[in-house]
Amino acid sequence: MKLGNQKLIYFSPIIVVAVIFIFILTLIPSASSAPKNLPIAFVNADEGMTVPAKGNVNIGNQIEQNTKGQVPNSLRLNGSLSQILKKLKKD
């Protein structure tokens with residue numbers, strides 16, 4: 001049996017390249033997607049702590065204050081978790 005007479009040897013690299021090309025084509029839409037109107041929830045359960053060098057530190061409140069200007073008021077839900085869940089169930 002000669003190596004040149006086997007057709008599978010010639011077609012196998014072509015098949016491998018075709019399979020890789022198909023996988024690449026399926027990944028292209030997911031690589032360039034940007035989320036739009038993605039609902040997020042920020043739950044601040046941080047109680048803070050006292051650090052000897054800095055005093056009272058509450059990272060959760062700092063993150064909340066930094067993100068308040070970036071969220072429109074129409075999307076902001078204020079109140080306790082039970083109040084927010086009641087509002088969401090009504091909608």
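Modeller: V43 is exposed, because its relative accessible area is 63%; exposed means over 50%, buried means under 20%, and partly exposed lies in between, using a 1.4 Å probe and protein chains only. This is a predicted model, in which local features need pLDDT of at least 70 and side-chain atom pairs count only at pLDDT 80 or more, while totals for chains, interfaces and linings use all residues. Residues are numbered from 1 along each chain as its sequence is written, and side-chain values use heavy atoms, with hydrogens and water left out.

V43 belongs to the loop that joins helix 1 to strand 1 (49-51). Helices (H or I, at least four residues) and strands (E, at least two) are DSSP runs, numbered from the N terminus. Although 21 residues separate V43 from E64 in sequence, their C-alpha atoms are 9.2 Å apart in space.

In contrast to the exposed V43, N58 counts as buried because its relative accessibility is 17%. Buried residues make up 4% of the 91 residues in the protein. The side chain of N58 makes two polar contacts, that is, pairs of N or O atoms within 3.5 Å; within protein, one atom must be able to donate a hydrogen and the other to accept it, and residues adjacent in sequence count only if both atoms are side-chain atoms. Leaving aside residues up to four places away in sequence, N58 touches D46, E47 and G48, where touching means heavy atoms within 4.5 Å.

The wider setting may now be described. The protein has three helices and two strands, and from the N terminus these run α-β-β-α-α. Confidence is expressed as pLDDT, the predictor's confidence in each residue, from 0 to 100. The protein averages a pLDDT of 75, and 70% of the residues score at least 70. The mean is highest in helix 1 (residues 7-31), at 86, and lowest in helix 3 (residues 81-90), at 70. Where pLDDT is low, the predicted coordinates should not be read in detail. Finally, Y10 is placed in helix 1 and counts as exposed because its relative accessibility is 52%.
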